[in-house]
Amino acid sequence: MPPIWVALPLCLALCTPLQGEVYTALSELEELLDTESVLLKTLHQYISDQEHRIAVLKKHAVDYEREHSIAARDVTNYLSNPINDYLLVKRLTSDWHKTEKLMQDPYYETAMQNLTQYRELLKFPTDEDLTGAATALIRLQDTYKLDTASVARGELNGIQYSTQLSAGDCFELGRQSYNGYDFYHTELWMNEALNRHEQERSNVTVRWEILEYLAYSTFMQGNLKKALDLTIELLSILPNHERALGNLAYYEAALKNGTTEIDKSEQPAAKAASTSLDPEERERYHMLCRNENLMSIHISSKLRCRYTDNNRNPLLLIAPLKEEDAYFSPRIILYRDVLYDNEIEVIKRMAQPRLKRATVQNYKTGELEFADYRISKSAWLKEHEDVVVANVAKRVEAMTGLTTETAEELQVVNYGVGGHYDPHYDFARSEETNAFKSLGTGNRIATVLFYMSDVAQGGATVFPWLGVALQPVKGTAAVWFNLYPSGNGDLRTRHAACPVLQGSKWVCNKWLHEVGQEFRRPCDPKENIQETISR
């Protein structure tokens with residue numbers, strides 16, 4: 001019989017079916033600090049009340065002890081005094097009733113009632129948020145090749161921050177990985193939890209519990225001998241641990257028989273990801289996120305920057321745009337300082353109360369749905385709502401030479417913990433027949449992406465097959481065409497948003513559609529470029 005996999009008593013998120021509304025945007029996490037502030041005040045008040053109650057109880061105990069000691073020295077003489085008799089009876093009746101009431105903790109119920117009200121009024125994270133935050137941290141670890149011990153001591157990509165993880169924090173990360181059947185990261189984080197448990201002499205986490213997770217995850221990684229050793233150590237602490245005893249017998253038999261292959265047919269399958277990336281593409285994506293150069297010197301040496309009025313556009317004659325090449329074919333252009341601080345604040349202020357979990361479009365049904373490969377929240381702003389939004393649309397027309405009459409509303413996005421968006425296309429491919437159907441404006445011909453914040457680490461927009469990485473710079477806009485002049489999609493524009501390692505990332509997008517561009521970017525009927533990609 002193989003080792004037993006069990007859903008250990010881990011407070012699973014079965015009672016919270018709602019979609020996570022906190023970890024998907026850093027702006028939401030700011031509200032949690034307000035919640036924590038209220039809870040701290042409640043906790044301090046509860047502690048103060050309890051300290052006062054305990055102080056009174058201690059005084060009662062001292063008074064009782066003093067009188068009892070006097071009586072014990074000469075019981076007969078003590079009880080011969082009627083005053084002492086009265087006081088003894090009083091101590092064990094009315095006085096003791098008061099003591100019993102103090103022992104009953106009258107403050108607990110009030111504190112719990114307050115907490116119940118706070119849960120209705122304040123923003124609280126759910127178990128899904130905990131899972132999402134843990135998954136994000138592990139995603140950052142993988143993307144940026146962060147050493148487990150370095151992350152635990154608060155070092156992110158070579159920069160030391162003040163926050164460190166305790167043994168309990170590491171244990172929780174391992175536990176979350178275990179819940180997702182990710183035994184590789186379970187082993188990493190349980191090992192770190194064990195190391196920190198020994199350093200801290202912590203009573204928060206229990207050594208045998210760490211060993212239980214660690215032994216099984218080690219077994220699932222194919223190391224039977226180590227799994228056996230860990231199980232033996234576990235049993236030295238809890239000799240009657242039923243699962244460990246069963247697993248011990250299995251490990252010993254497997255090693256005796258020379259078993260090297262693990263039969264996983266009876267083991268739980270790992271949870272499938274929402275999207276499956278080509279291994280080479282994922283590797284290039286992660287390399288670009290880590291600022292590794294994938295662009296040839298032949299291309300990068302020809303990139304230039306300039307001032308432009310885009311064919312003497314009236315809006316740009318006095319104040320031409322700062323234009324910078326990012327790539328030539330497909331052409332990707334950066335425009336610097338095209339969104340101003342005061343405009344950014346207006347857009348963020350308008351968007352913040354409307355932010356909702358970002359969705360992706362199901363190419364089969366055309367329906368919008370949540371996906372774990374896109375972690376952010378977004379809101380949509382109409383031009384007539386504010387002059388700033390209208391001015392952004394005019395600026396988009398000046399940059400692209402296209403009309404925004406058929407463009408989508410301005411999408412504002414705030415990325416959450418480890419916020420990212422795996423490689424994707426902005427346009428609808430030929431098989432995605434339902435995409436944008438309801439708009440009636442054709443496919444997305446061009447993308448204009450505005451960066452509304454600087455990001456300390458991570459958060460780049462990368463094009464894996466082009467070797468292009470655009471770093472978020474506040475006020476900059478990136479522009480590219482998604483379609484060839486023939487109307488076919490340009491698969492080379494497949495791009496991704498790297499996970500935010502440190503900082504807050506705000507962007508806004510303006511997607512322009514085909515309808516209305518007939519004279520601005522005429523279709524070339526002779527061009528019949530298929531949806532192919534050169535790698």
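Helices (H or I, at least four residues) and strands (E, at least two) are DSSP runs, numbered from the N terminus. This is a predicted model, in which local features need pLDDT of at least 70 and side-chain atom pairs count only at pLDDT 80 or more, while totals for chains, interfaces and linings use all residues. Residues are numbered from 1 along each chain as its sequence is written, and side-chain values use heavy atoms, with hydrogens and water left out.

The loop between β3 (305–308) and β4 contains Asn310, whose phi is near 45°, a positive value in a residue other than glycine. Asn311 is found in the loop between β3 and β4 and has a positive phi of about 60°, although it is not a glycine. Asn311 counts as exposed, at 79% relative accessibility; buried means under 20% relative accessible area, exposed over 50%, and partly exposed in between (1.4 Å probe, protein chains only). Pro330 lies in the loop between β4 (321–327) and β5 (332–336), and a cis peptide bond with omega of about 0° joins Ser329 to Pro330. Most residues other than glycine have a negative phi, and most peptide bonds are trans.

The aromatic rings come next. The structure holds 13 aromatic pairs. Rings of Phe, Tyr and Trp (its six-membered ring) pair if their centres lie within 6.5 Å; planes under 30 degrees apart count as stacked, over 60 as edge-to-face and the rest as tilted. The ring centres of Tyr216 and Phe219 are 6.0 Å apart with planes at 55°, so this pair is tilted. Because they stand three residues apart in helix α9 (residues 207–220), about one helical turn separates Tyr216 and Phe219. Both Tyr216 and Phe219 are buried. Ring pairs also link Tyr216 and Phe219 into a cluster with Phe171, Tyr178, Phe183, Tyr213, Tyr250 and Tyr251.

Trp380 and Trp511 form a tilted pair, because their ring centres are 6.4 Å apart and their planes are at 45°. This pair links distant parts of the chain, with Trp380 in strand β9 (residues 376–381) and Trp511 in strand β19 (residues 506–513), 131 residues apart. Trp380 is partly exposed, with a relative accessible area of 34%, whereas Trp511 is buried, at 6%.

Finally, two arginines are placed over rings. The charged end of Arg119 sits over the ring of Phe124, 4.4 Å from its centre, and Arg521 lies over the face of Phe481, at 4.3 Å from the ring centre. A charge sits over a ring if NZ of Lys or CZ of Arg is within 6 Å of the ring centre and within 35 degrees of the ring normal.
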